[in-house]
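Dear colleague,

My notes on its contacts and charged pairs follow.

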Amino acid sequence: MASLLTFEEAQERVLALARPLPAELVPLAEAGGRVVAEGVRAAVDLPPFPSSAMDGFAVRAAELPATLQVAGESAAGRPYESRLEPGCAVAISTGAVVPDGADAVVPIERVVLADNRVEMSLASEPGAHVRRRGGDVAAGDVVVPVGVRLTPARLAAAAAAGAAVISCSRRPRVAVLATGSELVAPGEPIRPGQIYETNVLLLSSMLAAAGAEVVSEPPAADDEATLREALERGLARDVLVTSGGVSVGEHDLVRAVEQELGVEEVFWRVAIKPGKPVSVGVRGNTLVFGLPGNPVSALVGCELFVKPALRALQGLADPRPRFEPGRLAEGLKRNEERDEFVRARSRVEGDVLVLEPVVGQESHMIVRSGNADALVHIPRGNGELAAGSTVHWLRLGDA
């Protein structure tokens, strides 16, 4: 067991292989979820002019308190185009241009308006309720940095800054292939010894959510010729992800056939449970992941190794899984030789996030895992982690 990589060592080897893919220009409306390859800079100052933060009246602060003549109006998109003269005020709406000569805005609820004159009984400070030009960002400043995913707020920031297209890393093109003569498509009649195929849907959904363009291959039987043809198609993509056939059984053919096809194996087996017999290799620029056939093992391997590789291929600044702290709801025995990844439900108690392991932790129990929203890391070691212990966990379903 000492020869097995830790999952942290395995992650580092994976990330060393995953170089960012070439960039492409993407229209802003289609860029949601993409990773920025070249920082987005503001084309204009934001705001591009001094604007009002309130509905009210634009004034010269030094003149207050006073009763002023209403000289006109500045509305959003329709500015008052003259300079504000002494003794005058301009009615103004939120977001409208503050006229030249004005340096403050008095909210409408603080004035008395009568006969086109406005009475203001309180003093005001210069700059009151005025959004200064460039107060958010100056022209040329970076609005969205390199290496981040374009969230809705970042898209809005890019739009406000005047960006019409964004340079993004190309989406990884991923082939997903399940292997095994026992696999049957859901909904088809099932015979003794057969099971419904789940891993292609599981993995494809996870990888698409992580930003990949996924092609799902039909399941390949445990036959060398059939498997070779399917693997060769998958090796034409940026990433090939297989499930099943990577252990040591008579019908575990995937690694041997991949070797014949020129795949250089980087490592095989990692000190984790579930998912120990994971393999990682490379052929040319294609990354090759061999995940175990048990669905929960495939899920864990995808979270720990495949998804970080996809993030790195897209140029994310920190592609590693984002573990968060929480507390165990019940004690768990530690594994002396392997880190375990326990499926759990999360809940909030006061200001503490509590993790309740689901019943049924065996690697084939995907239905039990379907009730989980957290993957809890239980470090290898002796003894037990007591209820209330601080642990680290991944949120299942995150990109």
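Which residues does Gln11 touch, not counting residues up to four places away in sequence? In this predicted model, Gln11 touches Leu304, Phe305 and Pro321. Gln11 belongs to helix H1, which covers residues 7–17. Its relative accessible area is 7%, and because buried means under 20%, Gln11 counts as buried.

I turn next to the charged pairs. Side chains of opposite charge can pair when their charged atoms come close. The structure holds 17 salt bridges, and three of these pairs are described here.

Arg173 forms a salt bridge with Glu213, with the closest N and O atoms 3.9 Å apart. Arg173 lies in strand S13 (residues 173–178) and Glu213 in strand S16 (residues 213–216), so this pair ties together parts that are 40 residues apart in sequence. Both partners are partly exposed, Arg173 with a relative accessible area of 36% and Glu213 with 38%.

Arg283 forms a salt bridge with Glu232, and here the closest N and O atoms are 3.0 Å apart. The pair links distant parts of the chain, 51 residues apart: Arg283 is in strand S20 (residues 279–283) and Glu232 in helix H4 (residues 224–234). Arg283 is partly exposed at 24% relative accessible area, and Glu232 is partly exposed at 35%.

Arg347 pairs with Glu356 in a salt bridge whose closest N and O atoms are 3.2 Å apart. Arg347 is partly exposed, at 35% relative accessible area, as is Glu356, at 27%.

Finally, a network of salt bridges links Glu12, Asp318 and Arg320.

With kind regards

Note on methods
Residues are numbered from 1 along each chain as its sequence is written. This is a predicted model: local features need pLDDT of at least 70, side-chain atom pairs count only at pLDDT 80 or more; totals for chains, interfaces and linings use all residues. Side-chain values use heavy atoms; hydrogens and water are left out. Helices (H or I, at least four residues) and strands (E, at least two) are DSSP runs, numbered from the N terminus. Buried means under 20% relative accessible area, exposed over 50%, partly exposed in between (1.4 Å probe, protein chains only). Contact means heavy atoms within 4.5 Å. A salt bridge is a side-chain nitrogen of Lys or Arg within 4 Å of a carboxyl oxygen of Asp or Glu.
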